[in-house]
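Please look over the sequence and the structure, and then read the notes grouped by topic below.

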Amino acid sequence: QNWRGVEFETSPWRDTGSFVLKGTDETQMLLDDQIVKTQSMRSSPYIGPFEDRVKLWEKKLTTIQEVLDQWLKMQSGWLYLEPIFGSDDIMQQMPAEGRKFKTVDTTWRKTMLKLELTSEVLVVGADEDLLGSLRKCNELLDEVNKGLSEYLETKRLAFPRFYFLSNDELLEILAQTKNVQAVQPHMSKCFDGIKALDFGKDPKSVDIFAMMSPEGE
């Protein structure tokens, strides 16, 4: 009875054309409460006549918990990597990781679209096939993140001052390899005493005419 009307809620995510899960806190609270109650039932000395039913119910609840955990983990990874691999420059520099992320992205979009047909937590969350799909995608995301870290390390080894930048800042530069001026916001972190560069008047100019210190000189 408590699960009636409990559904996975979604909301559009920026201009990706896809959706993300939202408002899962109440579902998690209900899940925690019912798992504890079910485990309490199983420990009762009077469980005999109901044991099979309780075991099935407990399995369903634990499957829902696993699905929710894997789904939120995948969502976190997808949200982080989607704008990164939305860059053609990154896709060209990391083709293997790009293909893996594309697989995850396709699965993510299909999974979120299916919620338009059925979004009941008891139905969707107990889907063993969905759980397997989410686990596989999270394994791919781990591989993509590992490849991304190794790629960034090669860039830092080639130009050690990149160690002063966070991964996100370095990716912001690498995602715009055709735009040399993308380094501008990060100059003060890379070089002590240099606040900005004075490029040519053309927005795409690669000519540097001056270096400005924090004092404006």
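In which segment is Phe8 found? Phe8 sits in the segment before β1, where helices (H or I, at least four residues) and strands (E, at least two) are DSSP runs numbered from the N terminus. This is a predicted model, in which local features need pLDDT of at least 70 and side-chain atom pairs count only at pLDDT 80 or more, while totals for chains, interfaces and linings use all residues. Residues are numbered from 1 along each chain as its sequence is written, and side-chain values use heavy atoms, with hydrogens and water left out.

**Individual residues**

- Phe8 has a relative accessible area of 7% and is therefore buried, on a scale where buried means under 20% relative accessible area, exposed over 50% and partly exposed in between (1.4 Å probe, protein chains only).
- Between Phe8 and Thr24 there are 7.4 Å in space, C-alpha to C-alpha, although the two are 16 residues apart in sequence.
- Phe85, in the loop between α2 and α3 (88–93), counts as buried because its relative accessibility is 7%.
- From Phe85 to Gly98 the C-alpha to C-alpha distance is 6.5 Å, with the two residues 13 apart in sequence.
- Thr62 belongs to helix α2 and is partly exposed, its relative accessible area being 33%.
- Thr62 and Ala126 stand 64 residues apart in sequence, yet their C-alpha atoms are 8.6 Å apart in space.

**A positive phi**

- Most residues other than glycine have a negative phi.
- Arg14, however, has a phi near 45 degrees, which is a positive value in a residue other than glycine.
- Arg14 lies in the loop between β1 (9–12) and β2 (19–22), and it is exposed, with a relative accessible area of 68%.

**Helix packing**

- Helix α1 (residues 25–42) and α2 have axes that come within 10 Å and cross at roughly 150 degrees, the axes being lines fitted to C-alpha atoms, for helices over the stretch in contact, and the angles running from 0 to 180 degrees between N-to-C directions.
- That angle makes α1 roughly antiparallel to α2, since angles under 35 degrees count as roughly parallel, over 145 as roughly antiparallel, 65 to 115 as roughly perpendicular and the rest as oblique.
- Helix α2 (residues 51–81) also packs with α4, at an angle of about 125 degrees and with the axes 11 Å apart, so α2 and α4 are oblique to each other.

**The largest pocket**

- The largest pocket has a volume of about 250 Å³, a pocket being an open set of points on a 1 Å grid over the protein atoms alone, with protein on both sides within 12 Å along at least five of seven lines; the volume is the space filled by probe spheres (1.4 Å probe) set on the points.
- Its lining consists of 14 residues, of which Thr111, Lys114, Val124, Asp127 and Leu130 lie nearest the centre, and lining residues are those with an atom within 4 Å of a point.
- Two or more lining residues come from each of α4 (95–114), α5 (121–124) and α6 (128–158), and α4 gives the largest share, four residues.
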